[in-house]
Structures are given as C-alpha cells and as structure tokens.
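Opened a new page for this protein today. I wanted to go from the whole chain down to single helices and jot down what turned up.

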Amino acid sequence: MDQLWTDKLGFKKNPFKDTIDTDLFFLTRQHEEALVKLKIGIEDKHALILLAGVSGTGKTLASQVVLKALDTARFQPVLVFVYPGMGKGALLAAMLDELGLAGGRFVQERLSILQGEALRLFEQGKRLVIVIDEAHFLKADALHVLRTLSNLETEQEKLVTVLLVAEKSLKRRLQAPSYAALRGRITFSVSLQALSPEDLEQYVKFRLLKCGGGVDLLSPGIYKAVHSVTGGIPREVNKLLYASFIDAATKDSLPSSDLIYAQVGKTGSYDG
Ligand SMILES: Nc1ncnc2c1ncn2[C@@H]1O[C@H](COP(=O)(O)OP(=O)(O)O)[C@@H](O)[C@H]1O
Ligand SMILES: [Mg+2]
C-alpha cells in the first residue's frame, strides 16, 4: 500500500516517514539558528551545551546534522542514545563502546579510560564531542557523571564538549538544588519550538518536492488545518500527512482539509 500510493503520486520515497533522514532536513529559520548556535557552542569549546524542546520538534535530526557537519580533522564525534533509567555505568560504557574502546568494570576505570582517550585526541588536535540524545531519561547518577566529564581539562582548556539533547522536563529537573553544580556548567543553551504556520507550509512543501512529488498535491488551504491539528510539531505533521495521504489513496483522491480534520482521534492512523 505504502509503495502504491507513493508510486502513484510520483514520490521516490514516502515524504512523511518518521525517520531521521538528514537529507530531508529543512532549514526553518529557527532550525538554522539552532544549528548556527550549536556550531558556535562547539567551536567555542563549551563543556556542556543543552539543546532542549518538546518532543518532535527536530532535536535529534538537528543534532545529527550538526555532528555530520563537524570537521573530523578537529573533532571526534560520539553519539549516545539514552534509554529510560540509564545509569552512569551504562552511560560511560556506551560512550566507550562508540569510541571502539573496551570498557573497564568500574565507573572510575571507565572515566579514566575516557579521560585518557580525550587527552590522546587532544594531542592530535582533536576534541571529543559527545552528543547524548534523550538525556532526560538519564538517572541522577548519570547526570552527575556528566559534570565530572565536563571537568576534564588540561591546563589550557576543557577536553570534552557534551551536548545534551533533551525534552524540556530535563530543564525543570535541573532546577533542583542537587543539580546546581551541573546546571552552572551548562554555559550554552539552545531550544527548538513548534513551527509557525508559514514555516510549516514551507516544511511540508520542501518534503513533497525533495521526495519527488509536486507541491500542487496539497491545496493551499490545507496548511491551516494541518497547523491547527498538529500545533506545528514536525513529527505530528509527518504522522498526520502520512495517515491522510494513505486515507485519501484508498479513495483514489488527495488529502483535503476535511480529511485532515477527520484524522483527529482516529485510532491506528493518527494519534498525535
Ligand atoms: N527541520 C526539519 N526538517 C526536516 N524534518 C524535520 C525537521 N524537524 C523535524 N523533522 C522531522 O520530524 C520528526 C521528529 O524530529 P526529531 O528530530 O525526531 O524530534 P525530537 O528529537 O525533537 O523529538 C522526524 O521525522 C524529523 O525528521
Ligand atoms: Mg529525539
């Protein structure tokens, strides 16, 4: 079915698949600003950077675009995905694993292996950049270990940049007094919001075109409906349009505003 409707409409691939595809990255003004700021934060050697925003606003995609764009002669990127309840031992082990290093058995050992690697890289003129996605899932002990990591330094400078990618709940959690020291080390912070109606329209058109379809597949009036149903959250936009295109295809037609509104509350198709 997926194949059918995409083929029929001339798409090379499903434009609304919820995957991280850096080819489909669209530079809305806010995403562009976030990218520029993140690059500056990394270039300026901040030890702890926070990229925050509600779920589905493009944090994972933006952070991967930033990582991809880093000059590998000067940076060693590491990407770690956090699972709910991940503690410090597992977090450090995941970092070492990504770096292709065998982990020690104890937290202290793992930290010193990581420090050794950061120093080795530093001597080669490279800086370790660790991106921790879904950081709001980290347990308290793992958050505290990040503070230790952010302290690794030579006499001249900090050795590691940690980019925390997280939902806004992390910011609230860090307000607790026990996190004061960690909070104080987050010297650079970037946030992503929902798309404005104008950006949403450009975002959708970009995806249609990029995947081989025409912008005339959707009537001009439809974007208002999409914005009001999704609140401008890209992930919800993708889900909604995906469901709507499939729904329309079963009737051999294209999504209309009515069909967009009709997805609300439908189980199995759109549940944003
Ligand atoms: N600027 C953008 N350009 C293209 N796709 C985007 C953009 N922002 C978000 N998306 C898409 O929206 C979905 C959610 O993005 P994601 O990065 O997973 O959000 P988050 O990590 O904030 O929950 C993904 O399918 C992603 O590809
Ligand atoms: Mg994400």
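Below are my notes, from overall layout to details.

**Ground rules.** This is a predicted model, where local features need pLDDT of at least 70, side-chain atom pairs count only at pLDDT 80 or more, and totals for chains, interfaces and linings use all residues. Residues are numbered from 1 along each chain as its sequence is written, while chains are lettered from A and ligands numbered from 1 in the order in which they are written.

**Whole chain.** I looked up the overall extent first: the C-alpha trace of the protein chain spans about 65 × 40 × 30 Å along its principal axes. I found 12 helices and 5 strands; these are DSSP runs numbered from the N terminus, helices being H or I with at least four residues and strands E with at least two. Of the 272 residues, 38% count as buried. For that label I need 20 or more other C-beta atoms within 10 Å of a residue's own; 12 or fewer makes it exposed, in between is partly exposed, and C-beta atoms are placed from the backbone.

**Domains.** Domain 1 takes 2-18 + 195-262 and domain 2 takes 29-192, with bounds from an automatic or database domain assignment. Their C-alpha centres lie 35 Å apart. How many residues of domain 1 are in contact with domain 2? I get 4, meeting 4 residues of domain 2, where contact means C-beta atoms, placed from the backbone, within 7 Å. The domain 1 side of that meeting has 2 nonpolar, no polar and 2 charged residues. In this scheme Ala, Val, Leu, Ile, Met, Phe, Trp, Tyr, Cys and Pro are nonpolar, Asp, Glu, Lys and Arg charged, and the others, Gly among them, polar.

**Ligand 1.** I list 19 residues around ligand 1, and G58, K59, T60, L61 and P234 come nearest; near means a C-beta atom, placed from the backbone, within 6 Å. The shell draws at least three residues from each of domain 1 and domain 2. Helix 3 (59-69) and helix 11 (234-250) each supply at least two of its residues. By type I note 6 nonpolar, 10 polar and 3 charged.

**Helix 9.** Its 14 residues (197-210) should span 20 Å at 1.5 Å a residue, and the end C-alpha atoms are 20 Å apart, which agrees; the expected span is 1.5 Å times one less than the number of residues. Which residues of helix 9 are buried? I have L200, Y203, V204, R207 and L208. They cover an arc of only 130 degrees around the axis, so they sit on the same side of helix 9; the arc is that of the directions from the helix axis to the C-beta atoms. Exposed E198 and L209 are on the face turned away from the buried side. Helix 10 (222-230) and helix 11 are among what covers the buried residues. After helix 9 comes G212, with a positive phi near 95 degrees.

**Helix 6.** In helix 6 (140-151) I have A142, L143, V145, L146, L149 and S150 as buried. Because their arc is only 155 degrees, they are on the same side of helix 6. They pack against strand 1 (48-53), helix 4, strand 4 (160-166) and helix 8 (180-185).

**L96.** This one is in helix 4 (88-98) and counts as buried because it has 20 C-beta neighbours inside 10 Å. Leaving aside neighbours within four places in sequence, L96 is in contact with L101, G103, R110, I113 and L114. L96 and I113 are 17 residues apart in sequence and 8.1 Å apart in space, C-alpha to C-alpha.

Technical notes:
Two residues are in contact if their C-beta atoms, placed from the backbone, lie within 7 Å.
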